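Subject: Structure handover

Hello,

I am passing this structure on to you, with the sequence. My notes on what was found follow below it.

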Amino acid sequence: MVWMTFPPVINMYLVKSEGPKLVPFFKATCVYFVLWLPTSSPSWFSALIKCLPIFCLWVFLLAHGINFLVSHRSASRILAGLIFSAVGDAFLIWQEQGYFIHGLLMFAITHILYSSAFGMKPLDLKAGLLMGVVSSSCYAFLYSYLSGPFTYLVAVYIALIGFMGWRAVAGVQLCNDLWTWTKLSACVGAMLFMVSDLTIALNKFCFPVPYSRFIIMATYYAAQMLIALSAVETRDEEDFRKRS
């Protein structure tokens, strides 16, 4: 009843509770954009700088306690997804040296983990149909530019991220007023992840996208932060009730 009666109060509490824990993430993101290391000379240092914001999101989730992660499977799966994301980021630093597929595989696993974290309830077939149409349209556009194993790999990857997007969107039941700020966070995060990956695909396989690196990384970091935030709903609701 507290959650349904005083949502604005809870939202303010959640902002105050989670905001300070995200400060390292924002600082690490600023470091990445300020240094803006050239992609033409990949190194372990550039990999560290690129992955640092994701490392900070690991810490953000771990700050809620190991017991919380163990007892809430969705949170632990999102943490696992962030771990695979960081490995994928590192592989993509050396994508021109033949590690693009390795990065693609790591992010495919990430989307499977995120889909599992978001769950299958509510099902919302309309949202699934919409995401299916969007995903199919994206692949249909990319298809003529693809060749070799990428013809199949990109199809599988788009299916996985489209499924992840469906499960995130399905959690936001605005019409029935059955939504929370964390479910909305997951939804927006999933959409931004799709924008980031679509920009990567267009830039790599189709044509140069102006400011592609900025678009890719800005939407990617925002997506990961929002998805990480979606993992903390249960813990913060419980904390608020205890304080009330």
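A residue counts as exposed when its relative accessible area is over 50%, as buried when that area is under 20%, and as partly exposed in between. Please keep in mind that this is a predicted model.

Backbone

Most residues other than glycine have a negative phi, and most peptide bonds are trans. The following places depart from that pattern.

Tyr211 is not a glycine, yet its phi is positive, at about 55°. Tyr211 sits in the loop between helix H10 (181-206) and helix H11 (212-229). Its relative accessibility is 70%, so Tyr211 is exposed.

Trp36 also has a positive phi, about 45°, without being a glycine. The loop that holds Trp36 runs between helix H3 (23-35) and helix H4 (44-62). With a relative accessible area of 32%, Trp36 falls in the partly exposed class.

The peptide bond between Lys121 and Pro122 is cis, with omega about -5°. Pro122 is found in the loop between helix H7 (100-118) and helix H8 (125-143).

Core

The largest nonpolar core contains 63 residues, and Leu61 and Phe193 have the most contacts inside it. Which residues does Leu61 touch, not counting residues up to four places away in sequence? They are Leu69, Ala75, Ile78, Leu79, Leu82, Ala228, Ala231 and Val232.

Regards

How values were computed
Residues are numbered from 1 along each chain as its sequence is written. This is a predicted model: local features need pLDDT of at least 70, side-chain atom pairs count only at pLDDT 80 or more; totals for chains, interfaces and linings use all residues. Side-chain values use heavy atoms; hydrogens and water are left out. Helices (H or I, at least four residues) and strands (E, at least two) are DSSP runs, numbered from the N terminus. Buried means under 20% relative accessible area, exposed over 50%, partly exposed in between (1.4 Å probe, protein chains only). A nonpolar core is a set of buried Ala, Val, Leu, Ile, Met, Phe, Trp, Tyr and Cys residues joined through side-chain atoms within 4.5 Å. Contact means heavy atoms within 4.5 Å.
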